[in-house]
Structure formats: C-alpha cells, structure tokens
Amino acid sequence: MSGSQTYNALPGFIQALFIVNRAVLLILVPFLLASQSESKKISDFEQSIKEASDLLRVGEYRKSQAAFRALLDKAQHKQNDYYVARSRIGLAACQMMIHNYRDAVQNAEAAMRYGLNTKQPDIAVRAALNLSSVYRRLKDFPAAAQTLRDLNPLIPQITDGQAKMQLYIHAATSFSRSGDWDKAEPFFYAGIDTALSQGEIHTAASGWNQLGYMRLQNNDLAKAEVALTEAFRIRRLAGNRNLTSSYVFLCMLRIAQGDAFSALNLIESAIQLATGADAAVPAYVLYYWRAKAKAAMGDVRASLDDYEKSADLATSWRQEVLPTDGFRISAEVGLDIVYDDYVETGMRAWELSKDPAIARRMFEVSEEHRSASFREMERKGKALPAEYWEALSQYRSVLISSFASPTDAAVERARLQLARVESGLGLKTDGDSNLQVSGIQRRLTDGEALISFHTGNEKSFVWAITRNGFVSQIVPGRRRLNPLIAQFRESIEKSSQVSSAGADLYSLLF
C-alpha cells in the first residue's frame, strides 16, 4: 500500500480504528511538528518550539519541559493563544514521558479545546493524540479510543503530515490487537515510511518498536526480532534516550525465545542507561524484567531481590496515577502483574525450601499491595496541592537516579519529606499500617484467625494466621477453581438449593 493510498483511506477506516482488548506497555511518540497555519507563525516562537521539540525527540524530557514552559509563559504574557496551545501540546508530551500524567492531561485538554473552539483541526487532533497516548499508557483503552473517535469529523481536514503519520501507527496498533494483521502491517509500514520521508527517524524507530512489540504479543518471535532490532539500530545510531525501551523489549523477546542470559544482559544495559529522571520506561518495569530474567536463569533468590525493588518502585509510581476509578483500576492491572509474579516466584522458592520466612514475606507483600490499593481509593477525589506533587516528584527522581549507585540516605530524605507532606495533608502513609505477621498476630484474639488467599492460574496459596501460629498451604489455581465458582454462583442465583459445587469449592480452599 502506497503512502497516498493510505492517506486516502484515513476517513474510511477511522470508525473502526480503536478496537482494543489487551493491557500493554506502549512507548508512544509525542506530536510536536509545526502547524500548517502559516499566517499564525512567528519566527522566534517557531525557533523556540523547534529547540524544545528537538530536546524531546532525543529523550531530554526535563530540559524540553523547561523550554516549553518558558515558551508558554512568554505566549501567555503576549496573549498569543495560538502559541499557548502549541506550548501546551509540547508540555503534555514531556509530562507524559516523565509520567506526570495529571498535568499532561490538563495541558492536552486545554490545547484540544482551543483547537475545537477556533476550528483548527491540526491543533485539536495533535492535542487529542497526546491525550489518547496518556490514556493508553495508563491502559484505559476505551478512553483512548473515544478521545480520537470524538474528533472523527476533523480528520479529513488535517494538513499536518506528522499527525497523519501518528494516526497510521495508532490504527496499526489497534488492528494488530484485534488480530487483523492484513490491515495492521500496511499501516505500520505507512507510518514508518512517512516518518522517514519527513526525516523523523525517532518516530520511525518508535513505529518499528511498536510493530515488534505487537508481533511479540502475537508470539511471532521471528518477525518481532526483525522489527525490534531495526528500532534498536536506528536509536543507537541517533543517540536516542528511548534506547531504554528498546533494551526492555529485546529483553522480553529473549525471555520468550528462552535465552535468559542475553535477556539479563539487555535489561542490565537498560538499567545502566536509566540513571537519570528522564527514563521513558517506568522504573518498576526495569527491575520487574530483570527479576524475570534471573528467575528464567534459575536464580530465584536473586530474582526475589529485584521483585522487591520493583514492588517498592511500583508503590511510588502508583501514587502518580490519575485520581479516578477508571485510571486507578486500569493502572492496577499492570501493578497486579508485578505483585502476582513476585508472590508466585517467592512461594515457589518456599515450596522448595519450606523456609517459613519466605512464606511470611510473601504474605506481607500480598497484603501491602491490597493495602496500597485501598489507600489510593481513599485518596481518590482529594484535591492535593502543588506541594504534594513536588515532594512526590523529588522522591521519584531520587529513586531513579539511585539506579547506578545506590544513595540510600538521599532516598530516605526524600521519602521522609514526602511523608511529612502527606501527614500535613491528613493522608495515610505507608507506615500507618503494620502488615507484618507479628503485628497482625498481636491484634488477633485467641478465638480469631486471619485467612488470606493469593490466586494464580495453576496454583494458589493460602496463609492462615492465629495469635500464636502461621501456616502456608498450596491450593488449586484459577483454572480449576473458576468453573466451580461459576457453578456455585449460578446455583445461588437460580435455585434455593446449593449445588455440590459449594462443598467441592470449600474442600479445595480450606
């Protein structure tokens, strides 16, 4: 399919564009090129936008953010709403890449409103693409789809070549998720070819990376390797900081291929590269995949240390999720995977060693995850001041900068400052609940017991705690439990008599 044929197909396929069904990690390129509204352009503003955009393209997210913020201040001072909107689009892109999703959404929405109100489709669509990308990163795919679907009438009016190019990649990703590779692959190549024709090599690399990732999700490992290797090659030659994400995706590929040694080397390179606060991959993801690589090599004890680090970083990252049920729930899906794998790896180690300390720690990890989810529900809807987000941002920056050379003192100082701010706002901090087994036992009476479950596909684990005892057991996984649960529920809803499924379920669990 040629580029011109693909352009002409845009209005026709857009209705079916955003069919989504799986939570995935996406590394999406922000949308920054100058609008075609030549009459609105001012040379010094355009030069500033170019400089800020160049910083963003090579992964200098903090510097780019500062440049776009300065441009926004200047545009507001001169009351130039057009460049205010352009600056907000750039700011949203930077904030998305450093995981400041709240501000990214606010800036993108403001720019999109301006574009709609002034009937400027390029502005509106580029802002909507950034907004949709934030939603995709948070795995709220319905919101991502609806954001662009609402702008369908404007799409034939787009004159910005890069906006069209990004729509190709969005379309390709959506078709590939629905399994329609006959449509997906031509759109991937159309987006990549268009990027290269415009000299946008970083966008082309992102297209290759996304193509490789979707092939990997489809278990087409040979084609995934071709695409991911090409993305890595382009980024390596261009000195792009997004090389971190290429290392992560290649690590995932090597694990799927059974080459755990290479996977470990690749993820080590990613961690070494992510020594600053500008890493495009969430910090917990890096240690999660290093844990997976070590576990695949059979080094379970070492993998547990990395799972612990990943869980700690995930707890910090979790606090940056937008405070709405949809975002919280969609983000929890990704964090659940980290905690599930951590607990299941730990309990496999317990199976082999029967070390009660491991079982106790895995119970505590499981409860910490549950507790954090409840805390985030409690915070939902609270208007938190800039002081809180500043303290949180500083804490996160220190955590990430400690990758290469641990600086526990700096991390603890930042953590303490965040705790002080949270206490002043009346927010519960991580230290408010004693989830250790010994602490729980002290709160139980002689006639009480706490029973907690962690369910996996093949195996589940149950922990039983009394005032003087702690017991761990293995029970069947969801594959065996789910049919019985469905039968039991159906019998309750449709009949006054409970089926034997209830007795069977009780027997398996207890």
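## A briefing on the fold

Among contacts in the protein (heavy atoms within 4.5 Å) between residues at least 6 apart in sequence, 65% join residues at least 24 apart. This is a predicted model, in which local features need pLDDT of at least 70 and side-chain atom pairs count only at pLDDT 80 or more, while totals for chains, interfaces and linings use all residues. Residues are numbered from 1 along each chain as its sequence is written, and side-chain values use heavy atoms, with hydrogens and water left out.

**Overall make-up**

- The secondary structure comes to 22 helices and three strands; helices (H or I, at least four residues) and strands (E, at least two) are DSSP runs, numbered from the N terminus.
- Of the 510 residues, 54% count as buried, meaning under 20% relative accessible area.

**Helices H2 and H3**

- Two packed helices are described by the angle between their axes and the distance between the axes.
- For helix H2 (residues 43–57) and helix H3 (residues 61–77), the packing angle is about 160 degrees and the axes are 7 Å apart. Here the axes are lines fitted to C-alpha atoms, for helices over the stretch in contact, and angles run from 0 to 180 degrees between N-to-C directions.
- That angle makes H2 roughly antiparallel to H3, a label given to angles over 145 degrees.
- The crossing of H2 past H3 is left-handed, which is the case if the near helix is turned anticlockwise from the far one by less than a right angle.
- On the H2 side, the contact is made by Asp44, Phe45, Ser48, Ile49, Ala52, Ser53, Leu55 and Leu56. H3 brings Tyr61, Lys63, Ser64, Ala67, Phe68, Leu71, Lys74 and Ala75.
- By type, the residues of this contact divide into ten nonpolar, three polar and three charged. Ala, Val, Leu, Ile, Met, Phe, Trp, Tyr, Cys and Pro count as nonpolar, Asp, Glu, Lys and Arg as charged, and the others, Gly among them, as polar.

**A closer look at Phe45**

- Phe45 is found in helix H2 and is buried, with a relative accessible area of 2%.
- Leaving aside neighbours within four places in sequence, Phe45 is in contact with Leu71, Lys74, Ala75, Lys78 and Tyr83.
- Phe45 and Leu71 are 26 residues apart along the chain, and their C-alpha atoms are separated by 7.5 Å.

**The three-stranded sheet**

- Strands of a sheet pair through backbone hydrogen bonds, either parallel or antiparallel.
- In this protein, three strands form an open sheet in the order S1-S2-S3, with antiparallel pairing; two strands pair if DSSP finds at least two bridges between them.
- Strand S1 (449–455) and S3 stand at the edges with a single partner strand each, so one side of each is left without a neighbour in the sheet.
- From one strand to the next, the twist averages 20 degrees.
- S1 and S2 pair over seven bridges, and a hairpin joins them through three residues. Phe453 has Val462 of S2 as its bridge partner.
- Strand S2 (residues 459–466) is joined to strand S3 (residues 470–476) by seven bridges, with a hairpin of three residues between them.
- Ile474 in S3 is the bridge partner of Phe461, and Ser472 in S3 is that of Trp463.
- Helix H21 (residues 478–494) lies across S1, S2 and S3 and runs at about 75 degrees to S3.

Notes
Parallel < 35°, antiparallel > 145°, perpendicular 65-115°, else oblique. Buried < 20%, exposed > 50% of the residue type's maximum accessible area, 1.4 Å probe, protein only.
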